[in-house]
Amino acid sequence: MRRLQPTDAPSFYAAVRESIDELTYWMPWCSKDYSLSDAEAWMQTTRDMWAAGAEYPLGIFDANTGAVVGGTGVNHINRAYRIGNIGYWVSSKRTGQGVARFAAHQSAVLGFGDLGLTRLEIVVLTHNKASQRVAETVGAKLECEARNRLYFQGTPQSAFVYSLVPEDLR
């Protein structure tokens, strides 16, 4: 995992296109007409967010090929309360291989270490079983089912809120 660079846009685009059916279902930023220019714009947005200290998106890369296989990071940061959120997605060909678990763990390390946060949340739609397993595998504790917590496909939806504090990391 590392920060995304402008040269990663074609690989990021390929990972999104390979997983377009799954991503358009789960991710509000993704649409069937996702283009290379969208990926290029995201590369710039990630640089801007890092520079502003607002959010910390990361790419997940195949260790052998260097190809993008997903994304993760720390966002929705509230510095006054030292909390943030972890998000992740993995290309369809790489699901079930521990990639999301690794990414979530590394994002937590970033959040607790470099960013000095003391609480991280993973917010998961109640029907997203795969993301629930990832949260539980990294040691996050289920705190509640929050009503209207996420806006999903045009309607407010309930979501499970998991939390991590530094001593939870496995």
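Buried means under 20% relative accessible area, exposed over 50%, and partly exposed in between (1.4 Å probe, protein chains only). This is a predicted model, in which local features need pLDDT of at least 70, side-chain atom pairs count only at pLDDT 80 or more, and totals for chains, interfaces and linings use all residues. Residues are numbered from 1 along each chain as its sequence is written, and side-chain values use heavy atoms, with hydrogens and water left out.

**View A. Arg82 in the loop between β2 and β3.** Arg82 is partly exposed, at 42% relative accessible area. Its phi is positive, about 55°, although Arg82 is not a glycine. Strands (E, at least two residues) and helices (H or I, at least four) are DSSP runs, numbered from the N terminus.

**View B. Gln153 in the loop between β5 (141-152) and β6.** Gln153 counts as exposed, at 51% relative accessibility. Its phi is also positive, near 50°, in a residue other than glycine.

**View C. The buried residues of helix α5 (residues 129-137).** They are Ser131, Gln132, Val134 and Ala135. Seen down the α5 axis, they fall within an arc of 160°, so they line one face of the helix. The arc is that of the directions from the helix axis to the C-beta atoms. Their cover includes β3 (83-90), α4 (99-112), β4 (119-125) and β6 (155-164). Contact means heavy atoms within 4.5 Å. Just after α5, Gly139 takes a positive phi of about 100°.

**View D. Residues of α1 meeting residues of α3.** Ala9, Pro10, Phe12 and Tyr13 in α1 meet Leu36, Ala39, Glu40, Trp42 and Met43 in α3.
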